[in-house]
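Take a look at the structure below.

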Amino acid sequence: MSLADRVKAAKSADTSSDTQREEVKSDLRRKLHYKVVEGLGPTLYNSQMSDAELKLRVMEMLEWALEQEQSVPLARADRLALLQEIADDVLGYGPIDPYLADPEVTEVMVNGPHAVWLERAGRISKTDTRFVDANHLERIIEKIVGQVGRRIDESNPMVDARLPDGSRVNAIIHPLAIGGPYVTIRKFAVDPFTVDDLVANRSMSEQVAGLLKRCVEGRLNVIVSGATGSGKTTLLNVLSNFIPANERIITVEDAAEVQLNQTHVLTLESRPPNLEGKGQVTIRDLVRNTLRMRPDRIIVGEVRGGEALDMLQAMNTGHDGSLTTVHSNSPRDTLARVETMVLMAGMDLPVRAIREQVASALDLVVHIHRLRDGTRRVTHVTEVVGMEGDIITLQDLMLFDYGMGVDENGKYVGHLKATGIRPTFSEHLENYGINLPPELFQPEAFARR
């Protein structure tokens with residue numbers, strides 16, 4: 001055998017040996033994980049025990065379990081690293097813990113125990129991260145939902161919850177999730193985005209930010225619309241912070257996500273039914289209850305059902321300046337969705353009556369879209385003008401110019417441009433002492449594709 005062949009064979013043997021060591025280590029990790037979980041049982045979820053006490057118990061159990069595995073020799077450094085890794089796994093959120101702590105990760109998607117995907121800067125990629133098995137993933141899910149008083153089991157296999165930092169969690173398990181469980185975690189920044197951040201990220205221009213600030217201060221009813229993951233909640237947070245500090249604000253959500261800096265804020269959160277199927281409190285129940293709580297502003301995190309009728313009623317009965325979000329593809333689709341959701345309330349109302357309510361209640365639709373380059377941009381600022389016959393009239397005040405194309409990195413170079421139309425709500429804002437400078441609506445030429 002030549003020297004080159006012997007070197008190649010040695011390298012192959014080393015690679016094979018490394019692979020075997022990793023397999024042994026992985027098997028040991030799985031065994032230790034099971035022993036700790038089985039040994040501590042309910043103690044892992046004992047709310048009466050402090051984090052320090054629980055970590056001490058876990059480390060003691062790990063030391064004991066590792067002593068039972070005498071067949072696997074480990075160097076001291078490897079031993080300590082393995083103990084710390086398993087302790088973090090048991091005490092935290094398992095192998096996705098590092099991603100939840102990473103500020104660059106905006107979404108964590110767990111497609112079963114052996115497939116974890118991430119979103120960074122609007123781009124989705126797969127990781128090598130794996131859970132031990134489906135039971136391991138289910139324990140993490142139970143830990144998350146248990147922290148906010150929710151439950152997940154075969155009788156209630158879908159749940160919305162949130163992490164202590166406010167990140168939104170959706171989980172779905174067997175029998176609905178084939179190949180699951182599945183978990184989707186939408187992360188929110190530790191420091192909420194401000195209007196300056198959105199301007200810096202080119203989600204909107206200073207011109208548009210100035211217009212929206214005046215609209216919120218002038219108590220216009222605003223709907224933020226867009227697709228899933230387009231940034232509706234982030235934009236709603238930014239708009240909410242334009243509300244004057246001396247007003248009483250009540251937020252209504254499935255899982256509390258709106259983060260306000262004002263001091264006079266009341267946060268309401270819906271509640272699912274208990275084990276007996278009783279005790280459910282819906283968004284609609286909460287919206288109706290807010291009317292008895294003397295609100296200056298009502299913020300509904302997302303309208304997705306019959307609560308749309310109650311929201312419109314609130315907007316039409318003196319609770320101006322309300323804010324909410326709706327899933328839709330465009331401002332026109334937003335109004336169509338609101339109509340449909342009003343019908344979901346079970347009221348036998350004629351379509352014209354619903355449209356009159358919508359046209360009277362809503363003043364502005366702000367549509368945000370996640371573009372193909374991964375960026376999130378406000379693409380429409382549209383005024384709801386009123387009724388013409390049986391049709392709700394809209395007029396676009398600002399539109400995103402797609403015709404400007406993309407740069408060498410594939411990023412859109414376009415921005416939101418004024419159409420030159422001055423809104424009809426100008427007089428309403430003037431009654432609040434708010435003037436709309438003409439330059440806000442100075443038209444720009446739109447590029448042609």
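## A buried leucine

This is a predicted model. Start with Leu-440. Its relative accessibility is 7%, under the 20% cut-off, so Leu-440 counts as buried. Leu-440 sits in the segment after α13 (426-431).

What does Leu-440 touch, apart from residues up to four places away in sequence? Its contacts are Gln-207, Leu-211, Arg-214, Met-398 and Ala-418. Compare sequence and space for one more pair. Leu-440 and Lys-417 are separated by 23 residues in sequence, and their C-alpha atoms lie 9.8 Å apart.

## The open sheet

Now turn to the strands. An open sheet is built from 6 strands, in the order β3-β2-β1-β6-β5-β4. Their pairing is antiparallel. The edges are β3 (123-126) and β4 (158-162). Each edge strand has a single partner, so one side of each has no neighbour in the sheet. From one strand to the next, the twist averages 15°.

A helix packs on this sheet. Helix α5 (residues 134-146) touches β1 (105-111), β4, β5 and β6. The direction of α5 makes about 55° with that of β4.

## Strand β1 and its partners

β1 is mostly covered, with 5 of its 7 residues buried. β1 runs antiparallel to strand β2 (residues 116-120), and 5 bridges join the two. Across this pairing, Met-109 stands opposite Trp-117 in β2. β1 and β2 make a hairpin, with 4 residues between them. In the turn, Gly-112 has a positive phi of about 100°.

β1 also pairs with β6. These two strands run antiparallel and are joined by 5 bridges. Here Asn-111 has Tyr-182 in β6 as its bridge partner.

## Strands β5 and β6

Strand β5 (residues 168-172) pairs with strand β6 (residues 182-186) over 5 bridges, in the antiparallel sense. Ala-171 stands opposite Val-183 in β6.

The loop between β5 and β6 holds Pro-175. What is the peptide bond from His-174 to Pro-175, cis or trans? The bond is cis, with omega near 10°. For background, most peptide bonds are trans.

## Two nonpolar cores

The largest nonpolar core has 41 residues. Which of them touch the most other members? They are Met-204, Leu-235, Leu-239, Leu-364 and Val-381. Several elements supply at least two residues each to this core, among them α6 (195-200), β7 (222-226), β12 (364-370) and β13 (376-388). α7 gives the most, with 6 residues. A second, separate core has 31 residues, including Val-252, Val-287, Met-293 and Ile-392.

Setting aside neighbours within four places in sequence, Leu-235 is in contact with Leu-198, Met-204, Val-224, Val-366, Ile-368 and Val-378.

## An enclosed helix

Helix α8 (residues 232-240) has 8 of its 9 residues buried, so α8 is largely enclosed by the rest of the structure. Leu-235 and Leu-239 are among the buried residues of α8. The buried residues also include Lys-232, Thr-233, Asn-237 and Ser-240.

## Two helices that cross

How do two helices pack? The pair is described by the angle between the axes and the distance between them. The axes of helix α10 (residues 307-315) and helix α11 (residues 331-343) come within 6 Å. They cross at roughly 110°. The range 65 to 115 degrees counts as roughly perpendicular, so α10 and α11 are described that way.

Which residues make the contact? α10 brings Ala-308, Leu-309 and Leu-312, while α11 brings Val-338, Met-341 and Val-342. By type, the residues of this contact divide into 6 nonpolar, no polar and no charged.

Most residues other than glycine have a negative phi. Two arginines have a positive value.

Arg-219 has a positive phi of about 65°, although it is not a glycine. Arg-219 is found in the loop between α7 and β7. Is Arg-219 buried or exposed? With a relative accessible area of 14%, Arg-219 is buried.

Arg-294 has a positive phi near 50°. Arg-294 lies in the loop between α9 (283-290) and β10 (297-300). Arg-294 is exposed, with a relative accessible area of 56%.

Note on methods. Residues are numbered from 1 along each chain as its sequence is written. This is a predicted model: local features need pLDDT of at least 70, side-chain atom pairs count only at pLDDT 80 or more; totals for chains, interfaces and linings use all residues. Side-chain values use heavy atoms; hydrogens and water are left out. Axes are lines fitted to C-alpha atoms, for helices over the stretch in contact, and angles run from 0 to 180 degrees between N-to-C directions. Angles under 35 degrees count as roughly parallel, over 145 as roughly antiparallel, 65 to 115 as roughly perpendicular and the rest as oblique. Contact means heavy atoms within 4.5 Å. Ala, Val, Leu, Ile, Met, Phe, Trp, Tyr, Cys and Pro count as nonpolar, Asp, Glu, Lys and Arg as charged, and the others, Gly among them, as polar. Buried means under 20% relative accessible area, exposed over 50%, partly exposed in between (1.4 Å probe, protein chains only). Two strands pair if DSSP finds at least two bridges between them. A nonpolar core is a set of buried Ala, Val, Leu, Ile, Met, Phe, Trp, Tyr and Cys residues joined through side-chain atoms within 4.5 Å.
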